[in-house]
Amino acid sequence: MLYFRNDYGAGAHPAVLDALCRTNLELTPGYGADLYCQKAADTIRTLCRCPEAAVHFLTGGTQVNKTAIGAFLRPYEAAVAAGTGHICVHESGAIEQDGHQVLRLSAPDGKLTPELLRSALSAPVNEHTTIPRLAYISNTTELGTVYHGAELRGLREACNALGLLLYCDGARLGSAMDAGGTDFPDYAAACDAFTIGGTKNGLLFGEALVIVNPALQPGFRNCMKQQGAMLAKGRLLGIQYEAVMQDGLYRKLAAHANQLAKRLASGLEALGVPLLAPAESNQVFPVLPDTAVERLRRIAEFEVERRMDESHTCIRFVTAWHTTQEEVDALLASVKELPGNAADFPCPDM
């Protein structure tokens, strides 16, 4: 069975496992107060060229989003996000559970823009309304699209003018940096806080939160503890991040996934298969007839994104650090063998 369901299905990169094994019997302080977490945090600060940033290690994406946004906002303040954003569609109302409204904006490509933010904040606010205070973006987006450097800078300028914090969910930040020509300092310069995802890029588990804005730093560990987000064996996170940040490994793993996604997307388009969104990163969204989707289920694992019409479905293929070219080519060969060939099927307008 070919595996294209997600980029966290496998365990961890050998370098990460080796680091964990080498340090397995060491005894350290708990809750991230160990030398490994301190060293990993220092490495991240150096990579971001932001020596004053606070760096915290948490275990998962929803956990870090919920903890961070809950800590950054006052009880009456709201987040603004694309309607396809992770906090809107994949987190079971985690942000709303803390009492913070999420204002969902229509963004066909999954990306917020300064214009969308200005439009969202055009209505008057007072003591009877929630007050938009934080712009949430994910890079890459849930549609696999990518914010480039100029877009990040544009959002920063808009947030400054509108009095918004800018928070970036970087669950796939490595993929976004490789695809968008950005690097860690671009996010430190543009964002009040952002995450460096590890779960989806070679770690067993882990997300690093970089809080750039000094006003958001005090008391954050208290918020982590309150939310159950402080791992007793915190050194396991620091060890993994220190391993994956060495010799550019974090970037290399993401680049590998992106390259294979491009190969997959080009092959699908050559077969006449339309894509829901441009394949910029490691997520590819082909639109296929339902009959073809059912045939593909027999040889490949993937996610269903959405129904397009009464007979077509958009599915999602995800490449990862461990995906091979042979697996991509085998998937393309299977699509080519679908009855009638994908290019012969009518497709809905998108």
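User: How many of the residues of helix H8 (173–180) are buried?

Analyst: Happy to start there, with a note that this is a predicted model, where local features need pLDDT of at least 70, side-chain atom pairs count only at pLDDT 80 or more, and totals for chains, interfaces and linings use all residues. Residues are numbered from 1 along each chain as its sequence is written, and side-chain values use heavy atoms, leaving out hydrogens and water. Helices (H or I, at least four residues) and strands (E, at least two) are DSSP runs numbered from the N terminus, while buried means under 20% relative accessible area, exposed over 50%, and partly exposed in between (1.4 Å probe, protein chains only). H8 is mostly covered, and the number of its 8 residues that are buried is 6.

User: Which elements do the buried residues of H8 pack against?

Analyst: The buried set in H8 is Leu173, Gly174, Ser175, Ala176, Met177 and Gly180. Contact here means heavy atoms within 4.5 Å. On that basis, the buried residues pack against helix H7 (149–162), helix H9 (184–190), strand S7 (193–197) and helix H12 (249–270).

User: Which residues of H12 make the contact with H8?

Analyst: On the H8 side, the contact uses Leu173, Gly174, Ser175, Met177, Asp178 and Ala179. From H12 come Tyr250, Arg251, Ala254, Ala255 and Asn258.

User: Where is lysine 262, and is this residue buried or partly exposed?

Analyst: Lysine 262 is found in helix H12. With a relative accessible area of 46%, lysine 262 is partly exposed.

User: Which residue's side chain makes a polar contact with the side chain of threonine 313?

Analyst: Threonine 313 sits in strand S13 (residues 312–318) and is buried, at 5% relative accessible area. A polar contact is a pair of N or O atoms within 3.5 Å; within protein, one must be able to donate a hydrogen and the other to accept it, and residues adjacent in sequence count only if both atoms are side-chain atoms. At 2.8 Å, the partner is arginine 307.

User: What is the C-alpha to C-alpha distance between valine 284 and phenylalanine 317?

Analyst: Valine 284 belongs to strand S9 (residues 283–284) and is buried, with a relative accessible area of 0%. Beyond neighbours within four places in sequence, valine 284 is in contact with residues including Ala261, Leu264, Ile315 and Phe317. Although 33 residues apart in sequence, valine 284 and phenylalanine 317 have a C-alpha to C-alpha distance of 5.1 Å.

User: Which residues does threonine 23 contact, leaving aside neighbours within four places in sequence?

Analyst: Threonine 23 lies in the loop between helix H1 (14–22) and helix H2 (35–48). Threonine 23 counts as buried, at 4% relative accessibility. Its contacts are Tyr36, Arg235 and Ile239.
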